[in-house]
Amino acid sequence: MIFTENFTERSIKAMKNIKEYVFALGGFFKDTSVLIRETWQTRHIPFKFQKNGDEIVITGYKNSLLPRIEIPTEILGLPVRTVGARAFVQCPFLEEVRIADGVEVLEPNAFSYCNHLTKLFMGDSVMKIGRNAFFECKYLFCAELSPALREIDDRAFYGCTGLRDIHLPDGIERIGEQAFFGCTKLKSIRLPLALKHLPRSAFDHCLALEHIFVERGSPADLILSASEHYSKKLRYIPRI
């Protein structure tokens, strides 16, 4: 009787172990199947990327020789929200970038040192341009910013010597240190009323800058009018 009971207990335990093994094995094959399917689906996607929860972060480009890229709205059915840090740094042949609606953040150094980049077009959803995002993109002359943009971080357009004109959206709230340092062809700029954070270094070494359009009494006016250098360039526009 004791032998039978022990044998039964061992049998039940063994069966339980087998079931757990089969269940685990099934999960393994399922995960492998999903991985193979996703790999197959991405074979024609030109971007390197990674999943971050239920979102996609673009981390690079498979072919650095192409002159034009368009950041998509989604990959594998998941929304693309971010262009990751250093994703396209030093792409030697990149001339034009188009960012689709849905992308919200360009992380630090995303396009820095792209020496042949001339045109940038943003969709309506980008809210932040990270630190050094377009650092030393010397031939960038056309930059259409997102109307949703709220922040341009430190040195975002540092050394963009080809930039002649840039339109800041009305909702922008922060411009970082040396954000437009050395944009030597930039002739004029309008600073919106919503802009609260503006270091005086933002436009240092912008040798051609003649006119800075502000609303009288705005935060930008109070900051720049205290500078002997910039106060001479201020031009007041009527508040609507």
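Student: Which residue is the bridge partner of R190 in β14?
Tutor: Strands of a sheet pair through backbone hydrogen bonds, and they do so either parallel or antiparallel. In this model, which is a predicted one, R190 has F213 of β14 as its bridge partner. That contact belongs to the pairing of β13 with β14 (residues 211-215), two strands that run parallel and are joined by 3 bridges.

Student: In what order do the strands of this open sheet lie?
Tutor: The order is β13-β14-β15, so that 3 strands make up the open sheet, with parallel pairing. Because β13 (188-190) and β15 (234-237) each have a single partner strand, they stand at the edges, and one side of each is left without a neighbour in the sheet. On average, and with direction ignored, neighbouring strands here are turned by 25° against each other.

Student: With which residue does R190 form a salt bridge?
Tutor: Side chains of opposite charge can pair when their charged atoms come close. For R190 the partner is D170, and the closest N and O atoms of the two are 3.0 Å apart. The pair links distant parts of the chain, since D170 lies in the loop between β11 (151-152) and β12 (174-175), whereas R190 lies in strand β13, 20 residues apart. In terms of accessibility, D170 counts as exposed at 51%, while R190, at 29%, counts as partly exposed.

Student: Is E96 buried or exposed?
Tutor: E96 has a relative accessible area of 15% and is therefore buried, the cut-off being under 20%. R68, at 42% relative accessibility, counts as partly exposed, and E70 is partly exposed with a relative accessible area of 43%.

Student: How many residues of strand β2 are buried?
Tutor: Strand β2 (residues 55-61) is mostly covered, with 5 of its 7 residues buried. Strand β1 (residues 47-52) pairs with β2 in the antiparallel sense over 6 bridges, and K48 stands opposite G60 in β2. The hairpin of β1 and β2 has 2 residues between the strands, and in it G53 takes a positive phi near 70°. With strand β5 (residues 78-83), by contrast, β2 pairs in the parallel sense over 3 bridges, and V57 stands opposite T82 in β5.

Student: How many cavities of 30 Å³ or more does a search of the whole structure find?
Tutor: Rolling a probe the size of a water molecule over the atoms shows where empty space is left. Here the search finds 1 cavity of 30 Å³ or more, and about 40 Å³ of space lies in the largest cavity. The lining of the largest cavity is made by Y61, N63, S64, L66, I69, F88, C91 and L94, and by class it has 6 nonpolar, 2 polar and no charged residues.

Terms used
Residues are numbered from 1 along each chain as its sequence is written. This is a predicted model: local features need pLDDT of at least 70, side-chain atom pairs count only at pLDDT 80 or more; totals for chains, interfaces and linings use all residues. Side-chain values use heavy atoms; hydrogens and water are left out. Two strands pair if DSSP finds at least two bridges between them. Helices (H or I, at least four residues) and strands (E, at least two) are DSSP runs, numbered from the N terminus. Axes are lines fitted to C-alpha atoms, for helices over the stretch in contact, and angles run from 0 to 180 degrees between N-to-C directions. On a 1 Å grid over the protein atoms alone, a cavity is a set of points where a 1.4 Å probe fits but cannot get out, and a pocket is an open set with protein on both sides within 12 Å along at least five of seven lines; lining residues have an atom within 4 Å of a point. Grid points are joined across faces, edges and corners, and a volume is the space filled by probe spheres set on the points. Ala, Val, Leu, Ile, Met, Phe, Trp, Tyr, Cys and Pro count as nonpolar, Asp, Glu, Lys and Arg as charged, and the others, Gly among them, as polar. Buried means under 20% relative accessible area, exposed over 50%, partly exposed in between (1.4 Å probe, protein chains only). A salt bridge is a side-chain nitrogen of Lys or Arg within 4 Å of a carboxyl oxygen of Asp or Glu.
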